[in-house]
Amino acid sequence: MEVIPYLALGSAVAALLLAVFFYGDVKKASPGNERMVFLMTEIQKGAKAFLKQEYTWVAGFAVVMAVVIAVVIAPLGAVSYLLGATLSASAGYAGMTVATMANARTTEAAKDGPGKALPIAFRGGAVMGFSVAGLALGGLMVVYILFVKILEVDDAFEVVTAYGLGASTIALFSRVGGGIYTKAADVGADLVGKVEAGIPEDDPRNPATIADNVGDNVGDVAGMGADLFESYAGSIIAPISLTAFAVGVVAKTSGDDIALPLLMFPVLVAFIGMVASIIGSFFVKGGSSTDSHALSRALHMGTNVAMGLTAIGVVGASFWLFADGDIFDSAIGLAISVVGGLIAGWALGKSAEYYTSDHFGPVKKIAQQSETGPATTVLGGISTGMVSVTSSVLLVAVGIAVAYWGGEITLKTLADANPDIPVGFGGIYGIAVAAIGMLATTGVVVSVDAYGPIADNAGGIAEMAELDPSVREVTDALDSLGNTTAAVAKGFAVGSAALTALALFKSFEFAIGAAGGQLDLNVGQVEVFVGLFLGAGLPFLFAALTIDAVGRAAQQMIEEVRRQFREIPGLREGLPGVIPDSARCVAISTQASLKEMIVPGALAVVVPLVIGFIDYNALGGFLAGALVTGFALAIFMANAGGAWDNAKKYIEAGHHGGKGSDPHKAAVVGDTVGDPFKDTSGPAMNILIKVMTIVSLVFASAFVR
């Protein structure tokens, strides 16, 4: 068992080497003609400039947090925190760089059909996927090996947990800042371009088009990558910290035989999932058809193979670690927990696909409602998003029940024989490892998700470079699938967030106990009840702040696009040699998003600290309330936004009057409302609930003093 962290570290290195291989594969492809190269370069310059400024701003916040951790917790905790933050930012930057290389190359390949274009877009996304997975797991293993195994520092697991907090800090600001950027540009481009001016999406006359394409990369690639980096690292940290705080005392008195398998199992699952993802990535191959069913099968083949291999590997791992009948009960129990989590994550993705794909009734219904105007379009999307919450809640509830049962099957004897282990530990541990099951195949899941923005950019370049319409037909088919894959990945992310946050919450409870306190969550206590209501309300405030931020930034963008159409002679008419001032639109999105991300991002860290230092029981109620409403809001907003977007694309494909019709204009309005839902507020919600929980866990001992 001692070798498991080193195996995991080796698999992380292999993932990074695969990312390098895919980078070289993408780079070899032709980027197209001079105009395409120019557009690709402009998008890349804008994205790099934004990330440089964003990371500069966030670095200041990270330094302050590191100082606080060093003073209040431990100096080595600050080192671990900064490592998590640095690696998360690095993964986002690397993935975004390659994504902005792959867009023009995908466009060029689309001239030869989807069979050539899809693998390039996927491999461009795979650089992001395996950079995220490799750096997250590799960094965590370095922290574990160094501080737990080699240095054996005091409070080692608080130091390990700080790594997750560092990743969470970058994820929150990247998701919020990138989301505000991309949606301000998208809303401005759509409302003035498609609705007011009546020109196609990504038309070169539109000044906001370049900013929109930049936004796809900083929000949906770099932001999403930081999100999944944090989710993946957090899902591994949760059962490790749970074991350390709940079983640590017992392990010290009775030897490491009890704690070691529990500490190593999540690491072994991550190792198996990483190897399976690497193998699965080579199963993604394009065909000759632009039919979305065929493209979906090709793209999801890698995920399905990785999931199957992971399930088989996890069963073997369970029997290896938990076969000792004197300490553990049936070894199959924790395998059931992990595979149950894997299936629940897949089912959440399929639920999201049902509510957001134009192959199914909900999206077709919204498209049909567009015939009676924007109001019914908006109402249809809201109801679809709300209904989708029900199935997601049921799936998570079933996943939690199965995972709890699986954990109890394996660990009941351990808990019964050691009264110092908290009641219900086995079940909660099962829930914690179920979250790893959801994210074990992060490498290939992120690859599929990052594919979407690359395909979207490829379509924009095809339009702006005025290529043959057949090229845009191929890129549109790839892009439509990308919207669904994004919704699927968000299902995995938010489902794992709920399970991970629950496990971290229990770790927080155990940490309070280890520090000499006692967490009492009786809702009859006024402080707990007040905390519950504050927690339930915070996700709504967070959503409102981020949506308002998009609205304010979009207003500036709309006014600028209108000004250019009004003041630049011949721009709207598309006269030869007349080009828009795209740089001004890029600057507007950059400045607005950086300014607007500070307050929502700071809320997630400051509020739980303030409440915790006042009363940690109130903080317990606060975290419980935020977890429940945050999960429901995340599902609602992600699926409503995805449904509006694909309803618009369904109409653009020729249904209900097609492009330029009144139903199309109504659908564009619906899509505009959904943009901040699905790409700003919704995705940031799952980070919000985990950041607040992990902040509380890291500072738990300080709250009791």
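Author: A helix here is a DSSP run of H or I with at least four residues, and helices are numbered from the N terminus. The model is predicted. In it, helix α13 covers residues 442-464, and T442 belongs to this helix. T442 has a relative accessibility of 1%, so it counts as buried, since buried means under 20% relative accessible area. Apart from neighbours within four places in sequence, the residues in contact with T442 are V132, A133, Y232 and S277.

The loop between α13 and α14 (469-514) holds E466. E466 is exposed because its relative accessible area is 64%, and exposed means over 50%. The phi of E466 is positive, near 55 degrees, although the residue is not glycine. Most residues other than glycine have a negative phi.

E152 sits in the loop between α4 (114-150) and α5 (156-197). Its phi is near 50 degrees, again a positive value in a residue other than glycine. With a relative accessible area of 60%, E152 is exposed.

The largest nonpolar core has 243 residues, and F265 and F425 touch the most other members. Helix α6 (residues 209-254) contributes the most to this core, 21 residues. Beyond its neighbours within four places in sequence, F265 has contacts that include V314, A317, L321 and F322, as well as Y429 and V433.

Conventions. Residues are numbered from 1 along each chain as its sequence is written. This is a predicted model: local features need pLDDT of at least 70, side-chain atom pairs count only at pLDDT 80 or more; totals for chains, interfaces and linings use all residues. Side-chain values use heavy atoms; hydrogens and water are left out. Helices (H or I, at least four residues) and strands (E, at least two) are DSSP runs, numbered from the N terminus. Buried means under 20% relative accessible area, exposed over 50%, partly exposed in between (1.4 Å probe, protein chains only). Contact means heavy atoms within 4.5 Å. A nonpolar core is a set of buried Ala, Val, Leu, Ile, Met, Phe, Trp, Tyr and Cys residues joined through side-chain atoms within 4.5 Å.
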